[in-house]
Amino acid sequence: MNPSGDRALVLAAIRRNLGRGPLPADQAALLHARLGAHPRGPIPARSRLPRAGQLALFAANIEKEFGTIVRVADPAAVPEAIADYLAQQNLPSALVMSPHPELAALPWAERPLLRVRTGRAEASDVVSLQHGFAGVAETGTLMLPSAPDRPTTLNLLAETAIVMLRASRVVGAYEEAWDLLRTERRDALTGGFMPRNVMLVTGPSRSADIEQSLELGAHGPRRLHVVLVDDDEAAA
Amino acid sequence: MLPTSPAFKKNARAALADAGLQRALERTKPHFQQRRAAAVAALPEFEALRERGREIKNHTLANLDFYLETWADNVARAGGEVHWCATASDAREAVLGICRRAGARIVTKGKSMVSEEIGINEFLEANGITPVETDLGEYIIQLGHEPPSHIIAPAFHLNREDWEARFRKAHTDLPADRVFRERRDILTEARGELRQRFLAADVGITGANFLIAETGSSVIVTNEGNGDLTQTLPKVHIVLASIEKLVPTLEDASVLLRLLARSATGQDFSVYTTFSTGPRRAGDLDGPEQYHVVLLDNGRSAMLGTEFQDMLRCIRCAACMNHCPVYGAVGGHAYGWVYPGPMGAVLTPTLIGIDKAANLPNASTFCGRCESVCPMKIPLPAMMRHWREREFERHLTPHFARRNLGLWAWFARRPAAYRLATRAAALALGLLGRRSGRFRHLPLAGAWTRGRDLPAPEGQTFFARYARESRKAR
């Protein structure tokens with residue numbers, strides 16, 4: 001079998017039914033231009049707010065979707081906030097954390113009872129800590145792109161997923177989060193900006209498959225907790 | 001899956017008499033309808049998004065060859081492999097080939113309607129590979145060896161006691177005397193059982209809600225996270241996608257995503273919306289080592305340039321079936337194949353042939369609710385009518401219906417005879433039904449009166465009354 005299968009066959013069938021041959025160069029150029037410009041559709045007005053309002057909307061939507069959120073004044077307060085959360089939830093004082101420099105720089109030594117492992121998550125991990133790339137206020141959504149310092153398993157395997165996010169990384173709409181990815185990332189393999197995996201996460205895992213009754217914690221985390229670091233002076 | 005669509009009428013009768021199914025329908029209908037209405041009401045831009053969504057899909061379909069090639073080049077650039085498949089059989093072979101090369105024994109699966117369409121589970125089983133459905137609803141119907149009854153709530157037709165019975169039968173490693181006190185206990189058991197499968201799987205198969213040309217990405221949308229575990233943990237990820245899933249850019253996908261969850265479950269956004277682009281990159285600590293997309297045509301390209309092209313805009317949200325009075329009465333299994341409800345009534349004849357699926361476009365009252373809630377504004381009733389025309393042209397319509405249509409047409413072309421006949425009928429029925437105003441039995445209308453009374457006419461026709469009132473008005 002031809003390794004790519006029926007590429008020519010499928011494309012020929014499409015063109016035949018559209019009643020034309022391959023696109024002429026000028027039309028293809030227009031389509032390339034549209035890809036380059038990637039125009040936005042209508043952006044819901046709900047997220048067009050001043051910064052403080054946008055952050056409040058983000059927090060309200062996290063809670064609407066059954067997540068929890070705590071705001072801390074600076075990164076140094078994150079280990080304490082996490083230790084407090086784990087104690088409140090009666091969870092073990094142990095977590096697996098992304099090998100992200102901002103997480104590694106946190107003052108973990110001040111919480112010696114909190115056992116912290118760095119790496120990808122394994123099935124035995126109960127609590128995970130991920131570094132959030134961006135937040136989207138429109139629906140309380142976290143953008144978690146994969147990278148060597150942001151493994152995907154940390155979003156999925158533990159029963160309790162904690163995400164640290166800087167308030168300055170909260171945007172209004174999805175399109176603004178894509179723009180952050182477009183401008184900040186260069187991929188060595190493709191030359192583009194897209195990482196292997198981008199998860200948009202809105203609340204903890206759930207299912208309504210049993211009699212349309214909502215239950216949390218289907219296969220992914222049962223709890224999603226966001227620690228928002230208030231580093232955004234415009235929002236103060 | 002062998003279609004039972006030719007037996008729709010028999011299936012529907014059985015469904016109406018199925019008390020468990022009727023209980024499930026009564027529970028499910030208001031659930032979906034109310035949640036969608038609330039989500040749409042909370043987003044003033046919903047209509048503008050629908051309009052834009054339709055434009056995006058129309059633009060993509062008009063240039064589908066260009067966008068498919070762009071997408072495929074970008075998949076290759078990210079280290080992935082595209083397998084172009086003209087038919088369902090090609091797609092099955094492609095999946096099996098990848099599984100064999102990976103030495104796969106257990107394959108986990110995220111929810112995929114294309115996988116139902118090509119019958120991949122039976123095929124893998126026949127070839128010694130064990131497929132495990134991981135979406136909770138798909139898992140329970142796999143345990144019961146039955147097809148999904150809904151495209152986003154595949155097990156809505158089951159009640160709690162069905163779940164418990166199937167779990168007791170399947171999970172023999174657990175104590176037989178365990179008690180399921182609440183629904184959560186059922187969920188927890190499934191989580192534990194399936195977690196072992198996620199970790200043991202050699203290959204993970206998911207569907208795709210969208211393919212994105214500019215990045216070469218595939219997108220899945222789930223609430224459980226099962227799709228993400230399926231595609232993250234095994235060493236090989238296979239995406240099953242059909243050609244009409246394509247959109248040009250991430251911004252275009254964002255428009256459609258704002259429509260999808262609201263139209264489907266009434267959520268503002270699904271819990272996990274995940275964009276996958278190729279296999280594990282240098283330095284990554286997790287993710288699959290291989291990324292394949294099995295790209296399926298299976299009759300879709302033949303819809304381009306026809307009166308059915310608009311159907312290719314469908315984003316599989318299920319709003320049409322959630323609001324359909326026929327689906328709401330008989331559920332999804334009666335339709336007899338993979339895609340039920342109004343979208344299935346249009347799509348199924350394309351995929352399995354109008355000769356087998358002729359009942360489906362006829363299972364409609366043409367009330368138009370499906371079109372009014374469709375986020376992609378697909379003219380579903382008009383397309384069902386096109387199928388009825390084709391059915392009639394090809395002489396597939398049953399003899400009895402054909403003869404009566406012929407009789408009606410004879411009168412309809414002769415206005416004088418038509419008025420005379422209808423006046424006589426209205427007068428006679430009006431006299432006969434004078435006392436109760438309705439008929440409990442009526443010769444030639446037994447199919448109607450078996451289920452409900454037929455209201456009696458008032459003795460005169462609309463034409464006669466219109467003529468009289470016009471005279472009076474003058």
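User: Which residue just after α8(B) takes a positive phi?
Analyst: B:H145, with a phi of about 50°. Bear in mind that this is a predicted model.

User: And α8(B) itself, is the helix mostly covered or mostly open?
Analyst: Mostly covered. The helix spans residues 136-143 of chain B, and 7 of its 8 residues are buried.

User: Which ones are buried?
Analyst: B:L136, B:G137, B:E138, B:Y139, B:I140, B:I141 and B:Q142.

User: What do they pack against?
Analyst: Elements from both chains. Chain B supplies β3 (130-133), α9 (160-170) and α10 (183-200), while chain A supplies β10 (206-207).

User: OK, on to the contact between the chains. How many residues does each chain put in?
Analyst: Chain A puts in 65 residues and chain B 83.

User: Which element gives the most on the chain B side?
Analyst: α10(B), with 8 residues. The buried residues of α8(B) also pack against that helix.

User: What is the chain B side made of, by class?
Analyst: Where chain B touches chain A, there are 36 nonpolar residues, 26 polar and 21 charged.

User: Which strands pair across the two chains?
Analyst: β9 of chain A, residues 197-201, pairs with β9 of chain B, residues 272-276. The sense is antiparallel, over 5 bridges.

User: What stands opposite A:V201 there?
Analyst: B:Y272, in β9(B).

User: Last topic, domains. How is chain B divided?
Analyst: Into domain 1, covering 43-298, and domain 2, covering 414-473. Taken over C-alpha atoms, the centres of these chain B domains are separated by 54 Å.

Definitions and conventions
Residues numbered from 1 in each chain as written. Chains lettered and ligands numbered in written order. Predicted model: local features only at pLDDT ≥ 70, side-chain atom pairs only at ≥ 80, totals over all residues. Domains from an automatic or database assignment. Buried ≥ 20, exposed ≤ 12 C-beta atoms within 10 Å, placed from the backbone. Helix = DSSP H or I, 4+ residues; strand = E, 2+ residues; numbered from the N terminus. Contact = placed C-beta atoms within 7 Å. Nonpolar A, V, L, I, M, F, W, Y, C, P; charged D, E, K, R; others polar. Pairing = 2+ DSSP bridges.
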